[in-house]
Every structure is written in structure tokens, then in C-alpha cells.
Amino acid sequence: MSNDSTLPIEITVADLDAMRARGDNFVLLDVREASEYETARIEGSKLLPMSEIQQRLSELDEHQQDHIVVQCHHGGRSMQVTEFLRSKGFGKVQNLAGGIDQWSLQIDSSVPRY
């Protein structure tokens, strides 16, 4: 259960795109609110709003050893959740820098910006 300190705390949207293209095994955790998720989402992401993460943390138990990429609108909330999960023993958690907004700008323009 040791933390992998070699894993940078943030990745870019280009990194995420490459991971998806390679078929890497990871969980994409969207920590925005449900209404935001309805507006725009990255395909394959799992919604767990930051406002509910403490009550619903057990839902992530099966992913304790998995690579988790946390994503929000611009990267602020997801960084808080990344640090929270790392403090709870999740060793392979990374924040998506720039969030879904950067994803829409740089990778997939079909994802609506808001």
C-alpha cells in the first residue's frame, strides 16, 4: 500500500489522450456535479462529485491499487480530490491539469465547453 512517489501529481490532456489510445488500464474519475456531467463528459468517466466523496469513498475501495485520473472543469476541485485520495492510501492518483475545459480545447472539440 505504499505511495508511488515517482508518479507526478498532474498529467496533461495529451497524456490522458495517449493513455486512452494505448488502452491503458485506469479509472477516469469525474468529480464535478451531476448537472455539469450532463452538460459535458469524457467518455468512460465515472462520476463521483467532490461534494459527496467523503460519504461515498467506499465506492472506490476496489480501485485502491488502480491508476486513477481525477478530472473536473478546470483542475481545481480535482487537485483537491487527488490530494485527498493520496492521503487515504490511494497510491496511483493523478490530477488532469486544465480539466474537461482543456480536453475540449485540445483533444475533443465535440465535448461542449461551459
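What radius of gyration does the protein chain have, with its 114 residues? And where is Gln 71 found, and is this residue buried or exposed?

Author: The model is a predicted one, in which local features need pLDDT of at least 70 and side-chain atom pairs count only at pLDDT 80 or more, while totals for chains, interfaces and linings use all residues. Residues are numbered from 1 along each chain as its sequence is written, and side-chain values use heavy atoms, without hydrogens or water.

The protein chain has a radius of gyration of 13 Å, which agrees with the value near 13 Å for a compact globule of 114 residues; the radius is taken over C-alpha atoms, and the globule rule is 2.2 Å times the number of residues to the power 0.38. The C-alpha trace spans about 40 × 30 × 20 Å along its principal axes. Of the 114 residues, 46% count as buried, that is, under 20% relative accessible area with a 1.4 Å probe and protein chains only, where over 50% is exposed and the range in between partly exposed.

Gln 71 lies in strand E4, residues 68–71. Gln 71 counts as buried because its relative accessibility is 0%. Beyond its neighbours within four places in sequence, Gln 71 has contacts (heavy atoms within 4.5 Å) with residues including Leu 28, Asp 30, Ile 42, Ser 78, Leu 96 and Ile 100.

One of these partners, Asp 30, also meets Gln 71 through a polar contact between the two side chains, at 3.3 Å. Such a contact is a pair of N or O atoms within 3.5 Å; within protein, one must be able to donate a hydrogen and the other to accept it, and residues adjacent in sequence count only if both atoms are side-chain atoms. Asp 30 belongs to strand E2, residues 27–30, and is likewise buried, with a relative accessible area of 0%. Apart from residues up to four places away in sequence, Asp 30 touches Tyr 37, Ser 45, Lys 46, Leu 47, Leu 48, Pro 49 and Gln 71.

Note on methods:
Helix = DSSP H or I, 4+ residues; strand = E, 2+ residues; numbered from the N terminus.
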